[in-house]
Amino acid sequence: MKKIIKFLVCFVFAVMVAVVPMNAGSGRELATSARQLILLCTESITHENQIEALSINTSKAPLKSLQATADASIKYASLKAVNPVSAPTNLDDFTVATNGTISTSGGTLSYSRKVKVEATAYCSCSICCGPYDGTSTADGSRPKPYYTVAASKLMPFGTMLYIPYFDSSPNNGVFEVEDRGGAIQNNRIDVYFATHQEALRFGRRSFYVYILK
């Protein structure tokens, strides 16, 4: 509405200027000026429209960017992948506490290390496992929900972990390292779930785990 009023004001003003009695030379100059004034008003309104369109597109861009980031943030490692993405370091690099006890829903547990980890999730489907057999873990076991975890070689097969995040789960938060993954290096772990939907809901999280004695 403001742009329409602006255009009408410019147009009326230009017409008034154009119809003022003048000699021939002055009349031609005023007519030219009137046409230029109308053109300038039109260009101004067009420029405002372009700015508004750009503003709308820009305001939507972050939402698309956030969606793309959210979609890309959930990645799954192959169970039997080769060529690790990075060489294992020392687990001590990620240890924040050593030796102690912790009270859990399943009782008091003794641990040798408390480690900060980045946790992802996977299941046996082809999306998570690619061309590999998702029904068998790297140590030859059958993966079990609320029990199987994939970890780097810094945690040997058979290592028992207590994960407080799962304290209220059927396993009272206790898992066993039974699997590996090409992208599972250093302080990364991959938690096994029964379905892909559950793995998606878990996504990617950062928390502490306890390596049990």
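**Notes on the predicted model**

1. The chain holds 4 helices and 7 strands, where helices (H or I, at least four residues) and strands (E, at least two) are DSSP runs numbered from the N terminus. Along the sequence these elements follow the pattern α-α-β-β-α-β-β-β-β-α-β. This is a predicted model, in which local features need pLDDT of at least 70 and side-chain atom pairs count only at pLDDT 80 or more, while totals for chains, interfaces and linings use all residues. Residues are numbered from 1 along each chain as its sequence is written, and side-chain values use heavy atoms, with hydrogens and water left out.

2. Of the 213 residues in the chain, 33% are buried; buried means under 20% relative accessible area, exposed means over 50%, and partly exposed lies in between (1.4 Å probe, protein chains only).

3. Strand S2 (residues 107-122) deserves a careful look for its partners, and two strands are taken to pair if DSSP finds at least two bridges between them. With strand S1 (residues 95-104), S2 pairs in the antiparallel sense over 8 bridges, and the two form a hairpin with 2 residues between them; within this pairing, threonine 101 stands opposite serine 110. Strand S7 (residues 205-212) is joined to S2 by 8 bridges and runs antiparallel to S2, with valine 115 standing opposite valine 209. Strand S6 (residues 188-192), in turn, is joined to S2 by 5 bridges in the parallel sense, and here glutamate 118 has arginine 188 as its bridge partner.

4. Strand S3 (148-151) also has two pairings to inspect, with S5 and with S6. S3 and S5 run parallel and are joined by 3 bridges, with threonine 148 opposite glutamate 176, whereas S3 and S6 run antiparallel and are likewise joined by 3 bridges, with valine 149 and valine 191 as bridge partners. Thr148 and Ala150 point one way from S3 while Val149 and Ala151 point the other way, and all of them are buried.

5. Which residues touch the most other members of the largest nonpolar core? They are Ile189 and Phe207, in a core of 22 residues, a nonpolar core being a set of buried Ala, Val, Leu, Ile, Met, Phe, Trp, Tyr and Cys residues joined through side-chain atoms within 4.5 Å. Two or more residues of this core come from each of S2, S3, strand S5 (174-179), S6, helix H4 (196-202) and S7, and S2 gives the most, with 4 residues. Leaving aside residues up to four places away in sequence, phenylalanine 207 touches Val115, Lys116, Val117, Ala119, Ile163, Tyr165, Ile189 and Phe202. In soluble globular proteins, nonpolar side chains tend to be buried together.

6. A search of the whole structure finds 1 cavity of 30 Å³ or more, a cavity being a set of points on a 1 Å grid over the protein atoms alone where a 1.4 Å probe fits but cannot get out. The largest cavity contains about 40 Å³ of space, where grid points are joined across faces, edges and corners and the volume is the space filled by probe spheres set on the points. Its lining (residues with an atom within 4 Å of a point) consists of Pro145, Tyr146, Phe166, Phe175, Val191, Tyr192, Phe193, Ala194 and Glu198. These residues divide into 8 nonpolar, no polar and 1 charged, with Ala, Val, Leu, Ile, Met, Phe, Trp, Tyr, Cys and Pro counted as nonpolar, Asp, Glu, Lys and Arg as charged, and the others, Gly among them, as polar.

7. Serine 112 lies in strand S2 and is partly exposed, with a relative accessible area of 23%. Although serine 112 and isoleucine 211 are 99 residues apart in sequence, their C-alpha atoms are 5.8 Å apart in space. Not counting residues up to four places away in sequence, serine 112 touches Ala97, Thr98, Asn99, Ile211 and Lys213.

8. Asparagine 99, found in strand S1, has phi near 55°, a positive value in a residue other than glycine. Asparagine 172 also has phi near 55°; this residue sits in the loop between strand S4 (160-162) and S5, and counts as partly exposed because its relative accessibility is 28%.

How values were computed
On a 1 Å grid over the protein atoms alone, a cavity is a set of points where a 1.4 Å probe fits but cannot get out, and a pocket is an open set with protein on both sides within 12 Å along at least five of seven lines; lining residues have an atom within 4 Å of a point. Contact means heavy atoms within 4.5 Å.
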